[in-house]
Amino acid sequence: QMIRHYYYNQQLKKFILGFSNVFAGMQVYGGLDGAGAPIQMEVPVRYGSTDRVTAALAAGNTQNKLHTIPMMSCYMTGLELSPERLHGVNQTDRRTYLDQGGVFPTDVKTIKRVMAIPYNMQMELAIYASNTDQLFQIIEQILMLFDYDLQLQFNDAPFDWTKISKLYLRGISNEENYPMGSDRRAIIWTLQFELPIWMSP
C-alpha cells in the first residue's frame, strides 16, 4: 500500500538540537590578556560528520570555510527501533484533568494520547583542538556531566510522555595527525552517545 499522506513534525531535529545544547557554551582557558585577566574562549558546536569538518579544517580555514579550532561537531550516526521499550502497537491512553480554577464536572477535560514509537539514536561528538591542553579542558568538562547518564528535558508540556530522556556516554576514541611541513596540527577525539527517543504519531 502506498503512503498517501504527509506528516513531518521535526522530531529528529528537536532531539539533535537537544543533544547539541548539552555542549553549547563550553569554554577553554586561552591565556592572559594585556591586563593580566584570563581569556575564556567559547568552543562552538556545529552539526556535521567528522570527515567533512576535518576536510574543511585541512582546506586552510579560508573566509569561505569558517572553521576555527578548538571546536566541536555533532552528527547522528544511527537510529534503531527499541522493541524492549514498546508497550503495544497503536495503544491509546486517556487522561482526565481539571484546570486550576475550573468547576467540576463542567470544566473537566479529557486528553487522548497515542503510544509513541521508541527508538535509540546514536550520536557522535567530535572535538577538534590544536593542543592537548585545550583538548583535556574540553574532555574533562564533558566527563563531569556523565555520572552514568545525563537527563534531558525537551519541553514543559504536562501530558507529553516523550519530554524526558537520558543521554548515555558509550565510548571515547582519539585520533591525532602530524601534518607535513607547516600545516597546523589537529587532535580529534570522538565521543559516542546513545539517546533513547520517542517518535510521536
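Cut-offs before anything else: I call a residue buried under 20% relative accessible area, exposed over 50% and partly exposed in between (1.4 Å probe, protein chains only). This is a predicted model, so I noted that local features need pLDDT of at least 70 and side-chain atom pairs count only at pLDDT 80 or more, while totals for chains, interfaces and linings use all residues. Residues are numbered from 1 along each chain as its sequence is written, and side-chain values use heavy atoms, with hydrogens and water left out.

**Entry: charged pairs.** I looked up the salt bridges (a side-chain nitrogen of Lys or Arg within 4 Å of a carboxyl oxygen of Asp or Glu). There are five in the structure. Asp 93, Arg 95 and Arg 113 are joined in a network of them. Arg 95 meets Asp 93 at 3.2 Å, N to O, and Arg 113 reaches Asp 93 with its closest N and O atoms 2.6 Å apart. Arg 113 is in strand 6 and Asp 93 in strand 5, so this pair ties together parts 20 residues apart in sequence. Strands here are DSSP runs of E, at least two residues, and helices are runs of H or I, at least four, numbered from the N terminus.

Arg 95 is partly exposed at 39%.

I also found Arg 170 paired with Glu 194, closest N and O atoms 3.0 Å apart. Arg 170 belongs to strand 9 (residues 164–177) and Glu 194 to strand 10, so they link parts 24 residues apart in sequence. Glu 194 is buried at 17%.

**Entry: Ile 197.** Ile 197 is in strand 10 as well, and I read a relative accessible area of 0%, so buried. I listed its contacts (heavy atoms within 4.5 Å). Not counting residues up to four places away in sequence, they include Leu 12, Phe 15, Arg 85 and Met 121.

**Entry: helix 3.** Helix 3 covers residues 132–143 and spans 16 Å from first C-alpha to last, close to the 16 Å expected (1.5 Å times one less than its number of residues). Its buried residues include Leu 135, Ile 138 and Ile 142. The buried side packs against helix 1 (11–23) and strand 10 (186–199), among others.
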